[in-house]
Amino acid sequence: MCRYLICCGVVRFLIAFLWGIWMKDRRKKINKLFFIMLKIGLFTFGGGYAMIALLENEFVSKRRLMQADEFADMVAIAESTPGPISINAATYIGYRQNGVLGSAAATAGVCIPSFVIIYLISLFFDTFEQIQWVAAAFRGIQVGVVVLILSAGLKMLRQMQKTIYNMACVGLTMACLIICSLFAVTFSSVFYILIGAMLGLGAYYVKWLCKHRKTEAKK
Amino acid sequence: MIFFWLFLTFLKIGAVSFGGGYGMISLIREEVLSHGWLTEEQLLRFIAVSESTPGPIAVNMATFIGSSQAGSAGALVATFGVILPSFLVILLIAAFLKKGMKYAGVRAALNGIRPVITGLVLGTAGILFLSTIANVQTIHDSVLLDWKAGIVFAILVVSSTAYSKFRRKPFSPIPLLLLSGIMGILLYL
């Protein structure tokens with residue numbers, strides 16, 4: 001029942017969406033945007049930053065749909081808002097090109113290839129895992145994934161400003177996370193992120209107060 | 001009910017995942033383990049598949065987990081959930097707050113978040129290292145070194161650092177996963 005309702009909802013949404021696309025006189029532009037994003041979604045291996053390069057090539061160098069400095073602004077925004085960078089970038093570019101409809105088309109375009117591919121894989125994954133040599137390969141691959149996560153973390157560490165505050169924050173978060181996990185204490189990562197945001201705001205406020213005091217003292 | 005939980009969980013993951021790619025790996029791990037949707041081993045396999053197919057890891061993980069828990073509708077619901085927050089936030093920024101990212105307060109909060117995310121990613125790597133190579137999940141487990149996994153780990157670390165030293169660019173994930181798969185077949189079969 002639940003499934004039926006959701007399917008109905010999705011179908012209705014898709015119909016409304018397609019109707020919207022076809023009825024607008026901007027449909028050609030939106031179709032083009034959708035297919036560019038579909039292509040980019042299909043060929044980005046290796047996460048958001050690889051996609052930024054493809055987007056730059058497609059929208060700035062080749063088609064000149066965006067200015068270079070606006071593109072740089074877009075990258076900064078996509079990096080500093082929650083969510084996958086490629087989704088953020090696609091939504092932003094879509095909106096700039098064609099408003100809300102454009103952003104929906106661009107986001108759908110960039111997601112559809114990976115959705116279809118992963119969905120197809122997930123259908124066969126269980127039987128695939130049963131094969132003996134595949135299972136053996138996956139035991140090696142599990143270690144490979146640990147190395148990937150570790151190197152992603154180290155890369156983030158390298159790109160960070162190495163102030164005492166930052167290093168202390170990294171160390172403390174790491175230690176807390178590992179200790180909580182070892183003692184089977186549940187403390188959601190969401191809280192770490194919120195605490196980090198509050199600390200950042202607090203540090204900024206303290207700095208601002210100090211500055212304010214100094215200028216007042218000068219007067 | 002499962003649809004509701006999938007949607008809510010991935011909505012949460014989408015809303016607090018800063019820093020792209022592996023930024024949300026610790027949250028995905030916690031949520032998926034606490035709901036009992038996957039075991040740690042399955043999670044690592046899913047990450048490997050998400051990493052070696054095109055598209056953002058978060059979307060791939062959402063589709064994969066949704067599909068494994070509740071079929072095609074589950075995949076749709078989870079993917080929609082993970083996309084929705086970033087879609088809305090970006091729409092808001094693009095439409096109204098074009099200068100929003102330049103406010104000092106926003107930047108201060110982001111400066112606070114960045115080191116925490118780095119710590120979360122490194123901490124998750126540490127936890128996964130302990131559970132795959134030393135078989136330690138809680139403090140009560142005795143250390144049981146899996147020397148084969150240790151060998152794979154050592155070879156991967158050495159080869160990827162050597163590659164990035166000589167070629168001056170990082171070892172990309174797909175050859176790394178292929179290499180680890182081949183070593184898995186050689187060692188475990």
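How many salt bridges are there between chain B and chain A? The count is two, a salt bridge being a side-chain nitrogen of Lys or Arg within 4 Å of a carboxyl oxygen of Asp or Glu.

This is a predicted model, in which local features need pLDDT of at least 70 and side-chain atom pairs count only at pLDDT 80 or more, while totals for chains, interfaces and linings use all residues. Residues are numbered from 1 along each chain as its sequence is written, chains are lettered from A and ligands numbered from 1 in the order in which they are written, and side-chain values use heavy atoms, with hydrogens and water left out.

**Stop 1: between the chains**

Colour chain A and chain B separately. Chain B brings 101 residues to the contact and chain A brings 85 residues, where contact means heavy atoms within 4.5 Å. The area buried between them is about 8,400 Å², and carbon and sulfur atoms give 79% of that. Buried area here is the accessible area (1.4 Å probe) that two parts lose on being put together, summed over both. Now select Arg45(B) and Glu129(A): these form a salt bridge, with the closest N and O atoms 2.6 Å apart.

**Stop 2: the largest nonpolar core**

A nonpolar core is a set of buried Ala, Val, Leu, Ile, Met, Phe, Trp, Tyr and Cys residues joined through side-chain atoms within 4.5 Å. Buried means under 20% relative accessible area, exposed over 50%, and partly exposed in between (1.4 Å probe, protein chains only). The largest core has 107 residues, and those touching the most other members are Leu55(A), Phe71(A), Met74(A), Ile149(A), Phe10(B), Tyr22(B) and Ile65(B). Helix α4 (residues 57-95) of chain B gives the most to this core, with 18 residues. Helices (H or I, at least four residues) are DSSP runs, numbered from the N terminus. From chain A, the core draws at least three residues from each of domain 1 (2-160) and domain 2 (163-219), with bounds from an automatic or database domain assignment.

Next, centre on Met74(A). Leaving aside neighbours within four places in sequence, Met74(A) is in contact with Met66(A), Ala89(A), Tyr92(A) and Ile93(A).

**Stop 3: salt bridges within chain A**

Over all chains the count comes to nine salt bridges. Select Glu58(A) and Lys39(A), whose closest N and O atoms are 3.6 Å apart in a salt bridge. Glu58(A) is in helix α3 (residues 47-62) and Lys39(A) in helix α2 (residues 27-43), 19 residues apart. Glu58(A) is buried at 4% relative accessibility, whereas Lys39(A) is partly exposed at 36%.

**Stop 4: salt bridges within chain B**

Glu31(B) and Lys12(B) form a salt bridge, the closest N and O atoms being 2.8 Å apart. Glu31(B) lies in helix α2 (residues 25-34) and Lys12(B) in helix α1 (residues 2-16), so the pair ties together parts that are 19 residues apart in sequence. Then select Glu40(B) and Arg29(B), whose side chains meet in a salt bridge (2.7 Å, N to O). Both residues, Glu40(B) and Arg29(B), are buried.

**Stop 5: cysteines**

A disulfide is counted where a pair of cysteine sulfur atoms lies within 2.5 Å. The whole structure has zero disulfides over all chains. For Cys180(A), the nearest cysteine sulfur is that of Cys176(A), 6.1 Å away. Cys180(A) is buried, at 19% relative accessibility.

Key:
Helices (H or I, at least four residues) and strands (E, at least two) are DSSP runs, numbered from the N terminus.
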